[in-house]
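Have the model open as you read.

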Amino acid sequence: MQLHGLTKKFADTTAVDNLSLDVAKGEFVSLLGPSGCGKTTTLQMIAGFVDVTAGSIILDGTDITFAKPNERGLGIVFQTYALFPHMTVEKNVAFGLEMRKVSGSDIARRVRDALAVAQLEKFAQRYPRELSGGQRQRVALARALVIQPPVLLLDEPLSNLDANLREEMQFELRRIQQQAGTTTIMVTHDQAEALSVSDRVVVMREGKVIQIDEPYVMYENPATPFISRFVGKTNTFAVTVTATEQGTHFDLDGQRITLKDNANRTSHAETSSAGTSEALVSVRPEKIVIDRHGQGRFAGTVKNSFFLGNLWMYEVQTAFGLVVVSVINNHQQVYKIGEDVSLDWHEDALRVLTAEPAGNV
């Protein structure tokens with residue numbers, strides 16, 4: 001599927017601004033961004049529920065920009081799942097095939113296969129009210145996949161699940177999609193969800209695409225300060241970067257930090273004639289090492305600690321600001337509020353961020 005310059009305007013508001021995206025066959029792509037960024041409007045234009053102001057939608061070489069929703073043949077899973085409460089699981093999954101007047105023997109075979117992929121065989125004769133949230137979500141997926149759509153559209157499919165089930169269903173969703181081999185586009189505002197299931201993530205903001213990348217690449221090399229904050233947690237420091245024949249460096253709390261070649265070294269401002277530039281440097285919380293006082297380059301004091309089960313999250317006050325540190329809970333050192341500590345990190349962990357687009361904060 002190809003989206004070329006897709007644009008949607010509502011009166012004087014541009015909800016989606018010139019979005020272009022190629023989705024390969026069998027690929028899982030997530031549209032990620034905060035509320036109001038245009039991701040749901042994009043999905044609705046692909047589905048045919050919202051008219052396109054400009055641009056085109058191409059599916060298998062055919063322009064479907066102005067085709068009716070029922071003529072596009074796409075599979076869709078909504079937030080609410082939209083299951084028929086008076087029908088059994090089997091009947092819910094078969095509904096789309098019956099509407100397409102598929103023969104009875106083919107319906108039985110395809111429904112059986114779809115239920116097997118979704119691991120729902122033993123629930124075939126149950127009604128939606130007799131299922132858990134995760135089971136209902138799998139029924140909705142099976143119903144969408146059974147028609148063998150060229151593209152599956154997912155609109156916040158896990159948003160109605162509780163936290164533990166949501167995490168479990170992320171992997172279940174990916175398993176089902178990979179087994180079916182269906183090209184999939186998902187809308188979500190949940191960063192962990194997008195990173196865990198997607199082949200590529202499209203980050204949107206104010207109707208525009210900010211970055212398109214594989215999850216790991218995007219997390220390790222965010223294109224802007226907004227993405228570094230939105231896709232995971234990060235610490236940022238405003239510094240003055242100096243470029244010399246010996247390398248590029250900046251000073252932080254009396255320490256000279258040399259930037260490695262892989263530090264995503266794109267300056268936050270234009271370099272002056274003196275070889276200096278103002279920059280924003282980012283380092284992820286899990287890449288910071290916390291140790292006893294005097295054991296690292298940077299001194300600090302623990303201001304807050306949060307126990308998250310598998311992690312400890314510390315807020316450490318330093319001379320260059322409040323730093324968030326993430327530490328795996330391994331039954332070793334636990335730091336108390338008010339305790340003096342040291343921080344350090346490998347210089348490969350640093351990223352220099354580009355400026356935000358004009359008008360963004």
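## What lines the largest cavity

By class, the lining of the largest cavity has 4 nonpolar, 2 polar and 4 charged residues. (Ala, Val, Leu, Ile, Met, Phe, Trp, Tyr, Cys and Pro count as nonpolar, Asp, Glu, Lys and Arg as charged, and the others, Gly among them, as polar.) Those lining residues are Y219, E220, P222, T234, S282, V283, R284, K287, A349 and R351.

A cavity is a set of points on a 1 Å grid over the protein atoms alone where a 1.4 Å probe fits but cannot get out, and lining residues have an atom within 4 Å of a point. The largest cavity has a volume of about 60 Å³, meaning the space filled by probe spheres set on the points.

## A pair of helices

How do α5 and α6 cross, left-handed or right-handed? α5 passes α6 in a right-handed crossing, that is, the near helix is turned clockwise from the far one by less than a right angle. Contact here (heavy atoms within 4.5 Å) involves G133, G134, Q137, R138, L141 and L145 on α5, and L165, M169, E172, L173, I176 and A180 on α6.

## About the model

This is a predicted model, where local features need pLDDT of at least 70, side-chain atom pairs count only at pLDDT 80 or more, and totals for chains, interfaces and linings use all residues. Residues are numbered from 1 along each chain as its sequence is written, and side-chain values use heavy atoms, leaving out hydrogens and water.

Key:
Helix = DSSP H or I, 4+ residues; strand = E, 2+ residues; numbered from the N terminus. 1 Å grid on protein atoms, 1.4 Å probe; cavity = no way out; pocket = protein on both sides within 12 Å on 5 of 7 lines; lining within 4 Å.
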